[in-house]
Amino acid sequence: MTIRHTLGGILVSAALLRPAAAFAAAPVRPPVVEYRIEASLDPKTHVVTGRERVVWRNPSGDRVPELRFHLYLNAFKNNRSTFMRESGGQLRGDRAGTKPEDWGAIDIISMKTEAGMDLLPGARKVQPDGNDASDETVLAVGLSSPVAPHGEIALEIEFRSKLPRIFARTGFVRDYHLVGQWFPKLGVYEPAGMRQRPSGGWNCHAFHANSEFYADFGDFDVTLDVPSSFVVGATGRRLSETRRGGRTSYRYAQENVHDFAWTADPRFVVHEYRFEPFRDVPAAWTARAADELKMAPADLALKPVSIRLLLQPDHRSARADYVDGARVALAFYGLWFAAYPYETLTIVDPPEDGRGSIGMEYPTFVTGGTFTPLLHWPLRDARITQDVTLHEIGHQYFYGMVGSNEFEEPWLDEGLNTDAEYRAMALAYGPRDFIELPGGVGLSSLAMAHGAAAFQKNLDPIARSAWRFATGDSYGVNSYMKTGLFMAQLRNDLGPGIFARAERAFFQEWSFRHPSSADFFDSLERASRRDLSTYRSSIVFGTGVLDWQVVRATSERPPEDSGIFDRGGARSTFQEGRPASAGRNARRERRPRRWDSQVLFANTGDWPHSAAARLVFEDGRIVDRVLPAEARWVHLSISSRSRLAWAAVDPERRNAWEHNRLNDSKVLGVGRGAAGTRGRAASAKYLGWAAAMAGLFQQLLWALA
Amino acid sequence: MTRPRALAAGFSALSRRRLVLLLTGCSLALGILSAAPLAPAMNDAFRDTLAGDHLIRNHPEFAPVDVLDFLREKAAAVAGARQTMVWAALLGIVLQIFFAGGIVETLGRNVFSVRESRAAFWAGSRRHFAHNLKCFAVFALLLGIALSVWLGLSAALGKALFEHAPPHAPGRTAWGILTLAVTAAIFGALTLLYDFARAGRRTTPGIGAIAAFRSARRRLRGRLMRGLALLLFWSLAAGAALALLFAAAWGERTRSGAAVAVNLALLFLLLAVRPIARVAAWGSILALFDASEPWGAPTPLGPRAFPRRKESVESSESRVRSSQV
């Protein structure tokens, strides 16, 4: 069945067909899928040959007449695949190889049922997502007898996977092999009601440039045979190691995961680190999490994790950065969401000529990424290594455990994980968490997200299928940064406690399940007891913009009385404060001199949302107001003893969704209240810097003359 | 001429304060010209807003956001400044070519008065401008050819030798360092050749560009390494001064008006570094050039230094040749 849901259809279905019962948090046992794989790597030809026994248990009450498999290495088979068409052979600054040996593919050599029935004649490549007729990344296998409701089927498959030259997540370069998307993997059979589906069916998308994961949770038992000189890392626990001749077999096993990846390289330098909660989790973090979650610190106890770091020899000095990123991730996600449930975590440091495999997540197995300049001054505190490591380990939670559909709703895993990553980075490294350069200059992750989001054209909503965004950049900004900003906005509006409890409730409810966007909002609304419909419609499913600004601010002495006034039962005529009858030399009526301050605030965006306003007077007095969400503009008029020094909207910057910060304030005075601001000096100073930098640039060219 | 003498000549060239100021002033003027399109945008964004305050206080969370918003909201002004900067840089190159004539004419020569020196400088600048433009064209051509050949060769050889080597393998790193060193040496050698060709007018007022390069090549024989060492010395000195001044200006975070003035003064000094180093390097190179002069020390500035255009001038080169005959 081809999935052609529109987002609107999903929402309508959500209202009609969502099961009433809440899901349990524990993994489904027995699992939907079980894989037992034996694979052998030939490092000269970069070919993996394997045998796979897969058991699939029908989770629905439907009779299922066919199975659907991901054959994702075929994305690299030729330049006609959906992946290659969408990416144009380039992804995240990396370019696909074009030599004959650079292509990759997966061939099914045989596929039989346990009874020995050959299924290959009934198998065909299908294109569920569009018109790329030559795409070969999804295989539909017809069954002679359908799988009964809640029944199971076991298949024996032989396959041959030729790895591509490293590009976009998988492949080889020299002797380094990052083996992902390498075996025939079943898609997800979604029963009616799951993710608001009106009827049951397979959800098995083609491999797209910007998305690659949606599979069922299951158990893996994988034996890998490689030359003995190779160091191997893989998903799960290593159960055994058997040496035979010049080759070694490693057996790995892992339960409750939805994928299996591995790596092999003779150059890896292995570092083992044991994450010990008593040592690696700061007490202040535990106290903060306990306070926000309203839980006892003892209930937040985490478990030790064996971390295996596979480093490139020239990146030895990045060891501390990787370990730091892993410690922060396991502590933060463990405290705020749930303890990391697995025993092991493997972190791979890809070589710099294999950057296509940088920053990837697989269950209990991630790739980080570092570059030599980051290991030296002045970029030593550009925490990109820590950030990437943290982000990828964070995916063990949002995608690894909360198994959202990355194809159809990438924001649910990339975005929610990005928000958690920003929070963890800020907690661990302070306000300049992302980059800190010498001289006290730096950038936070959230500031970077604001910049990236604001620089992009506002083309798409956050929630959209990965391949339906207007551009690759629009996918990236919406799925990562804008979701991070949206979640920061939500956190500021709900308060950190309510937000943390609501998000944890969502996480726990949907662990080892497949939630949708609607499930996310339902869960959060239930837990927070707030109506989040404006966020849902305007931000996540809309392209709402928030741009409060100070349009105009003035502060002047009110004019003296002029005209006819009836005061105290008598009528008097005044001319600029003097009684008209008394002539020009008469004294002005003595009244306290005051200032009339007028400030016009406006939200020129299209998302109605409230904002705080602050007026600061030269005598230091502060007036705070709330600008209501429904107002397009608000005019404040205040009479005061002192002149208005400055007026600002959202001075604490709690509206993370705010588009433009430059128009948020007006500074009027130069007295005591305004003395706190030095905008004029800033303008002169940085204009001087601009001139000097331009001069230096010219001098650089003068070397020629 | 020994190396310490050439070095000393570089230091003594720094006594030409007006020349240093002229070059720095040009740099500053072109810098201000480049930044001018930013002025209204900066005033609008930072002058009477809290954003400017965040910036000068280096607010850890707000200032970066304000800068990013400035770059987006005032993108047209930033683009205008970038465009102006490129044109100003080209104008700067032309000015440098112009001033080189005056430098060659006056630097390292005895002068009778400041006034005379100034007159000689501007006269030399005007007179040798066309010659220096031609020399620049020859230099640019030679540099383009030499670097293209070398870098192309290096890339091809590097690929052949290290295609299967991992990044940062010792051989690959050594190859990278060698490539950089040879690139710098080529640039240095051609710069010396170029400077000697321009200095050719010091002794041979009527010499053409091609002849000047040929003459320069002959004069550099046996002096190339000394010349490269001098260039390296002044480059390193300038680099160190630039780094120190930049660090001081970058790290200066006080917010008072006086502190801003000090910061701007540091930026002015930063702009002066390169002109100072260039004048010093010119002094050293001209001393090296003068030492290659067959007749020994350079003649002082005087009537000989200002031949009329139609006057027949016998070059020292031709004199050397005729004496050999």
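Me: What makes a stretch of chain A a domain here?
Reply: Domain bounds come from an automatic or database domain assignment. For chain A it gives domain 1 (1–17 + 50–209), domain 2 (272–544) and domain 3 (548–558 + 594–682). The C-alpha centres of domain 2 and domain 3 of chain A are 35 Å apart. This is a predicted model: local features need pLDDT of at least 70, side-chain atom pairs count only at pLDDT 80 or more, and totals for chains, interfaces and linings use all residues. Residues are numbered from 1 along each chain as its sequence is written, chains are lettered from A and ligands numbered from 1 in the order in which they are written, and side-chain values use heavy atoms, with hydrogens and water left out.

Me: Why is the pair B:Asp66 and A:Arg653 called a salt bridge?
Reply: A salt bridge needs a side-chain nitrogen of Lys or Arg within 4 Å of a carboxyl oxygen of Asp or Glu. Here N to O is 2.8 Å, so the pair qualifies. The rule finds two salt bridges across the interface of chain A and chain B.

Me: What makes residues of chain A and chain B count as in contact?
Reply: Contact means heavy atoms within 4.5 Å. By that rule, chain A gives 62 residues and chain B gives 72 residues.

Me: How much area do chain A and chain B bury between them?
Reply: Buried area is the accessible area (1.4 Å probe) that two parts lose on being put together, summed over both. For these chains it is about 5,900 Å², 66% of it on carbon and sulfur atoms.
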